[in-house]
2 protein chains.
Amino acid sequence: MESSHIISIVKVQMKKENNNKILPRDKHNETRNIIHSIKVGVSLVLVSLMYLLNPLFHQVGENAMWAVMTVIVIFEFSAGATLGKGFNRGMGTIVGGGLGWLAAIFAQSIGGVGNSIIIGISVYICGTVGTYIRLIPRVKERYEYGVVTLMLTFNLVVMYGLRANEKVWEITRQRLLSILMGFIVCICVSLFIFPLWASDELHHSTVSTFHDLANTIQGCLEENGTLVSENESQLIAGFNFCNSVLNSKSEDELLANSARWEPWHGKFGFCYPWENYLKIASVLRELATFILVVGHSLQSSKQDMACLRQSHSEQLETCEAIGSRVAWALRELGDSMKQMKKCEENNKGSSILAKLKACKAELSMVISTSKVAILENGQVLAISSLVFLLMKVVEKVEELVQEVEE
Amino acid sequence: MESSHIISIVKVQMKKENNNKILPRDKHNETRNIIHSIKVGVSLVLVSLMYLLNPLFHQVGENAMWAVMTVIVIFEFSAGATLGKGFNRGMGTIVGGGLGWLAAIFAQSIGGVGNSIIIGISVYICGTVGTYIRLIPRVKERYEYGVVTLMLTFNLVVMYGLRANEKVWEITRQRLLSILMGFIVCICVSLFIFPLWASDELHHSTVSTFHDLANTIQGCLEENGTLVSENESQLIAGFNFCNSVLNSKSEDELLANSARWEPWHGKFGFCYPWENYLKIASVLRELATFILVVGHSLQSSKQDMACLRQSHSEQLETCEAIGSRVAWALRELGDSMKQMKKCEENNKGSSILAKLKACKAELSMVISTSKVAILENGQVLAISSLVFLLMKVVEKVEELVQEVEE
């Protein structure tokens with residue numbers, strides 16, 4: 001009885017948390033969006049000063065528009081993504097400009113109709129090869145924008161070379177200068193005014209996934225115990241959450257990619273092992289798969305579970321207790337990730353592992369043949385699939401402990 | 001015995017299929033990439049003719065580079081994505097240009113220092129509001145590129161308005177003309193030279209997911225029967241495939257989004273219900289979740305299964321037979337999708353449903369208390385979780401039948 005009392009207290013707390021939680025997170029996102037928008041506006045104004053102030057305008061000429069373009073195109077949400085795109089644009093412009101310049105010089109040295117033919121061929125080769133390289137998965141992931149910029153710059157330089165013969169060098173210089181100015185403005189605004197770090201985002205989202213999965217698994221199990229029909233909506237919220245975890249792969253990879261570009265800040269050093277976050281995220285996704293199936297299994301065997309509760313409540317209570325312990329373990333792991341302490345200190349890791357081991361032993365006792373023999377078919381199915389899935393959940397959490405320790 | 005013979009034949013066939021299948025698909029992708037690259041190269045050459053041929057050059061002037069930019073930026077892999085991006089770029093340019101023109105006229109009418117201040121404010125507002133709108137999920141999904149173009153064009157027009165007073169209209173006209181030419185070249189090349197349709201891609205990937213899931217489930221079940229350790233690699237390939245299905249959401253959405261832009265072609269009419277494909281894909285993902293867990297459950301209870309096979313082979317054979325029937329149902333569904341016939345014709349749909357119902361009845365007979373009582377703990381767990389998961393798989397397939405019928 002005491003344990004069910006505790007469970008209902010936890011439940012009320014969780015509900016409160018749930019109600020309070022979704023709103024602040026949305027609000028938080030909203031604030032970040034507004035901050036980002038204002039930052040872009042400020043950068044654009046700073047860059048447009050190049051046009052508005054005469055001395056600067058004479059330096060870069062009409063090419064000032066490249067600075068504007070740079071700001072609009074490379075200013076991404078997080079500082080890391082902005083740096084990455086800026087780097088790509090810079091390298092693409094320099095390499096593309098260099099190649100284009102060589103092609104233009106070569107074409108000019110031939111002259112006449114040959115000039116146009118050479119340019120046509122070089123444009124074709126650059127377009128075809130560039131597009132092909134752009135489609136290679138490894139390049140697409142990190143350097144696609146650089147390749148696009150390279151193609152763009154190459155074509156423009158080659159064509160200017162055709163028309164504005166001697167001015168090529170001047171144009172290139174002005175363009176590089178204005179892109180550099182746009183880049184500097186972007187980086188300064190992005191890094192120094194309310195910076196939004198992809199690394200923070202990735203860190204927080206991973207930590208909060210731990211906590212949310214803990215809530216979901218606890219919610220599922222007590223669900224099935226007490227208020228079956230009323231809390232259907234909470235179960236469905238759990239399903240939705242698990243599904244969103246399952247679909248989070250591309251987002252995580254994007255964040256990790258951006259985080260790699262970010263300089264030392266806060267608690268994250270250079271060369272912080274972001275790929276470990278991806279590994280943890282992938283184990284979390286597998287865990288979410290199992291939790292999802294636990295939820296489905298409980299939902300479909302509601303009737304049988306209700307019967308079981310009346311006749312063999314102690315087995316179900318064991319399952320619930322194990323669910324709470326798994327949730328506890330997940331929260332501990334999440335907290336130790338949040339504080340970025342290794343669980344090894346004060347032996348937390350091994351104590352979590354020991355508890356999980358005990359859970360497995362208890363679970364295997366729930367289904368003993370003698371106990372099972374007196375149940376009905378549906379009930380056997382319901383309880384043993386639950387036990388099996390919980391087993392798998394516990395195993396996944398063990399795997400997580402090891403990943404987090406790294 | 002006969003059934004195990006059939007199974008081993010199917011298995012050999014499947015292996016062959018697997019070996020032959022992965023290679024052609026990669027080759028197919030490679031060919032498509034090369035075709036796409038060549039198409040981009042050809043378009044760039046066509047566009048660069050604007051520069052190379054004198055009469056055309058006089059029409060559009062230096063703004064010809066906007067055509068080049070248009071081609072590089074909007075030429076996407078599939079025809080639909082290209083059309084969508086082109087539409088976005090066109091609309092963004094027109095609206096942004098219009099707004100920029102108004103702002104420039106207004107600023108000019110004030111004159112003096114007020115001119116610069118008005119322009120600064122309008123640049124700030126456009127940048128902030130545009131960036132904010134760009135981050136709204138619904139806009140981000142389909143119209144992000146349009147908003148970016150709008151911001152870009154607005155800024156450029158406003159700034160040109162400041163410097164090149166009277167020429168604003170002329171510049172806008174030339175720029176629109178060159179963007180239009182770039183767009184027309186892209187669309188013609190994309191639609192008429194070896195078109196790559198996003199709708200075909202989505203259709204094929206959905207159909208092949210049906211077949212691959214069928215292979216996976218059949219592979220899992222017979223795995224567990226005959227050659228446990230040898231075919232570990234095939235099981236892992238199955239896991240990888242299920243995981244890739246689970247991660248396919250964003251890709252499917254992208255394809256459906258592009259497919260919506262594509263004009264009538266082949267077997268797809270206007271307003272083809274692409275959102276149904278997304279629904280089917282989401283049910284397929286759920287099915288993949290369950291199949292994944294079936295695989296994990298078989299992998300972890302290998303020992304118990306081997307014991308079961310020796311003592312109670314008929315239960316396992318039932319499971320295998322059901323696995324084959326589920327696989328058959330999936331293949332039938334995949335084929336009827338491929339031919340785009342409704343299953344209703346010749347009552348295929350209802351016959352599939354009837355067979356699945358029979359499967360469920362058989363499954364519930366596998367776990368009867370009398371049979372279970374003589375097994376060991378681990379064996380109970382293994383067989384009943386298998387039965388439970390197969391139940392869920394069958395239910396999901398039933399759901400699929402209904403979705404496909406729509």
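I started with W261(B), which is partly exposed, with a relative accessible area of 23%. I kept in mind that this is a predicted model.

Next I asked what W261(B) pairs with. Its partner is F87(B): the ring centres are 5.0 Å apart and the planes sit at 45 degrees, so I logged the pair as tilted. F87(B) comes out at 38% relative accessibility, so it counts as partly exposed. I then checked where the two residues lie. F87(B) is in helix α4 (residues 79-110) of chain B and W261(B) in helix α11 (residues 249-261) of chain B, so the pair ties together parts 174 residues apart in sequence.

How many aromatic pairs does the structure hold over all chains? I noted 2. In chain A, the rings of F87(A) and W261(A) have centres 5.0 Å apart and planes at 45 degrees, so that pair is tilted. F87(A) is partly exposed at 38%, and W261(A) is partly exposed at 24%.

Then I looked at lysines over rings. K85(A) lies over the face of Y145(A), 4.9 Å from the ring centre. K85(B) lies over the face of Y145(B), at 4.8 Å.

Last entry: the helices where the chains touch. I found α12 (residues 274-300) of chain A packing against α12 (residues 274-300) of chain B at about 105 degrees, with the axes 10 Å apart. The two are therefore roughly perpendicular. On α12(A) the contact uses T289(A), F290(A), L292(A), V293(A) and H296(A), and on α12(B) it uses T289(B), F290(B), L292(B), V293(B) and H296(B).

Definitions and conventions
Residues are numbered from 1 along each chain as its sequence is written. Chains are lettered from A and ligands numbered from 1 in the order in which they are written. This is a predicted model: local features need pLDDT of at least 70, side-chain atom pairs count only at pLDDT 80 or more; totals for chains, interfaces and linings use all residues. Side-chain values use heavy atoms; hydrogens and water are left out. Axes are lines fitted to C-alpha atoms, for helices over the stretch in contact, and angles run from 0 to 180 degrees between N-to-C directions. Helices (H or I, at least four residues) and strands (E, at least two) are DSSP runs, numbered from the N terminus. Angles under 35 degrees count as roughly parallel, over 145 as roughly antiparallel, 65 to 115 as roughly perpendicular and the rest as oblique. Contact means heavy atoms within 4.5 Å. Rings of Phe, Tyr and Trp (its six-membered ring) pair if their centres lie within 6.5 Å; planes under 30 degrees apart count as stacked, over 60 as edge-to-face and the rest as tilted. Buried means under 20% relative accessible area, exposed over 50%, partly exposed in between (1.4 Å probe, protein chains only). A charge sits over a ring if NZ of Lys or CZ of Arg is within 6 Å of the ring centre and within 35 degrees of the ring normal.
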